[in-house]
Amino acid sequence: MVDKPMSNHRSRFPFSINKLIFWSLISLAVILFFFVGSPPSTATTTTSSSHSRRSLRGGPQWQTSVIRSSTPSNPKGLRVLVTGAAGFVGSHVSVALKRRGDGVVGVDNFNRYYDPSLKRSRADLLTREGVFVVEGDINDSSLLKSLFKLVKFTHVMHLAAQAGVRYAMKNPSSYIHSNIAGFVNLLETCKSVNPQPAIVWASSSSVYGLNSKVPFSEKDRTDQPASLYAATKKAGEEIAHTYNHIYGLSMTGLRFFTVYGPWGRPDMAYFFFTRDILKGKQIQIFEGAEHRSVARDFTYIDDIVKGCLGALDTAEKSTGSGGKKSGPAQLRIFNLGNTAPVPVGKLVSILEKLLKVHAKKKVVAMPRNGDVPFTHADISLAKKEIGYKPGTDLEKGLNKFVTWYLAYYSNESGKKDRLSSW
Ligand SMILES: O=C(O)[C@H]1O[C@H](OP(=O)(O)OP(=O)(O)OC[C@H]2O[C@@H](n3ccc(=O)[nH]c3=O)[C@H](O)[C@@H]2O)[C@H](O)[C@@H](O)[C@@H]1O
């Protein structure tokens, strides 16, 4: 093969025009690089709307947004970094903190585990409440470092996680990525900064696994997880112990019991049962051995939010700084449940009543995919230490969820407007 000589190309145009075109293209590329910046997916964060105005991460506008959002309106307010802020629990907690005068900055990677447009809608509401949500992953050390460089966060409310019990069989590595690697990455940042923040984070009722002693107490064994999800949450509790022990980080783990409510998670049974009942699609109700009903200690979101705020407010300061511990630090674990387990069949009959639709039900044996037969929280410790007192029964809570669901998924714009408030 023989290359064509350069002179062949040159002969078509005068040399000076070729040169002019070449340098014009180079100049255009340089202008685009500096003034437009990198593609939105990797280098931007949300500002006033998740979809419209975006600012370059780390740039002056971004820094101003972070600082403004993290500044408490109450002089005694906390400065809280909320991970998973566009998630179900994260969005509710962020709004509650902001409304009572705390400074809040959110981080969320907006992943596709469930419909990201729901996360975007939650983030839009957060923006309207004055909470800035940074689009990024907790595995991104440089992002976390730049946030802590800008703001002396007093607390981290760590709610970013790969949730879902059954999905762990389909995508195990996502649990390791978020619940283990991401958690460690966050703690590595927190232990190194000065002052170290106090950390409150989401563990799960699933750590009780095959425990059969009821109600589940924090003193009970948690060494029999039934799913990889549960195993990663249990690992998180051990990792929390390590960072508390070595670096003096103040750590509080909250074992959430099947949290439900408005703006909830579409991967959870109460949510997709509602969708399928309305569509006339058959739903499967799991049952345990010997036809025993499967039950959950369903806990309403507002009760969980109060528990999260109680945990933040009673968290003691971390004792280390810059990676060194100077004394023992607080290490806590609390159950946040409702103490009133309800069989899944009863959940479905409440939904039928609220939706005024008869469900097409099929009772099937619980598949061996990570589910446990029942959960039931003993909440006496959380009551005593953080003033936790759930007050919403399943019927009342589902009523609020169904009202939200019908409005949110209605295409009528008038109904959508009603969702502009929390
Ligand atoms: O509390 C917890 O620790 C966990 O609660 C939920 O997990 P789960 O209780 O399994 O909640 P759902 O997936 O909504 O299931 C609720 C109940 O419905 C049952 N179910 C689920 C799906 C289905 O098709 N049929 C059915 O009967 C399940 O066995 C379970 O008893 C969350 O998905 C987890 O992220 C969370 O950590």
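**View 1. Residues 80-317, a span whose end C-alpha atoms lie 13 Å apart.** This stretch is 42% helix and 18% strand, where helices (H or I, at least four residues) and strands (E, at least two) are DSSP runs, numbered from the N terminus. UniProt, in an unreviewed entry, lists residues 80-317 as "domain: NAD-dependent epimerase/dehydratase"; its positions are given in the numbering used here, feature names are shortened, and annotations may be inferred rather than shown by experiment. Keep in mind that this is a predicted model: local features need pLDDT of at least 70, side-chain atom pairs count only at pLDDT 80 or more, and totals for chains, interfaces and linings use all residues. Residues are numbered from 1 along each chain as its sequence is written.

**View 2. The shell around the ligand.** Here we've got 19 residues, with Ala163, Ser204, Met268, Ala269 and Phe286 coming nearest; a residue gets in if its C-beta atom, placed from the backbone, lies within 6 Å of the molecule. By type, the shell splits into 11 nonpolar, six polar and two charged residues. For that count, Ala, Val, Leu, Ile, Met, Phe, Trp, Tyr, Cys and Pro are nonpolar, Asp, Glu, Lys and Arg are charged, and the others, Gly among them, are polar.

**View 3. Cysteine 308 in the largest nonpolar core.** A nonpolar core is a set of buried Ala, Val, Leu, Ile, Met, Phe, Trp, Tyr and Cys residues joined through C-beta atoms within 7 Å. Buried means 20 or more other C-beta atoms within 10 Å of a residue's own, exposed means 12 or fewer, and partly exposed is in between, with C-beta atoms placed from the backbone. Of the 94 residues in this core, Val80, Met157, Val200, Cys308 and Leu312 touch the most other members. Leaving aside residues up to four places away in sequence, Cys308 touches Val93, Met157, Val200 and Leu254; touching, or contact, takes C-beta atoms, placed from the backbone, within 7 Å.

**View 4. Threonine 299 and its neighbours.** Threonine 299 sits in strand β12 (residues 299-300) and is buried because 29 other C-beta atoms lie within 10 Å. Its contacts, not counting residues up to four places away in sequence, include Phe256, Phe257, Thr258, Leu336 and Pro390. Phenylalanine 257 is 42 residues away from threonine 299 in sequence, yet their C-alpha atoms are 6.0 Å apart.

**View 5. Helix α4 (residues 60-70) and its two faces.** The buried residues are Trp62, Ser65, Val66, Ser69 and Ser70. Seen down the axis of α4, they fall within an arc of 115°, so they line one face of the helix; the arc is that of the directions from the helix axis to the C-beta atoms. Turned away from that buried side are the exposed Pro60 and Arg68.

View 6. Most residues other than glycine have a negative phi, and most peptide bonds are trans. The bond from asparagine 194 to proline 195 is cis, with omega near 5°, and proline 195 lies in the loop between α8 (172-192) and β7 (198-204). Another cis bond runs from valine 214 to proline 215, with omega near -15°. Phenylalanine 110, in the loop between β4 (103-108) and α6 (116-128), has a positive phi near 50°. Threonine 258 also has a positive phi, about 35°.

How values were computed:
Two residues are in contact if their C-beta atoms, placed from the backbone, lie within 7 Å.
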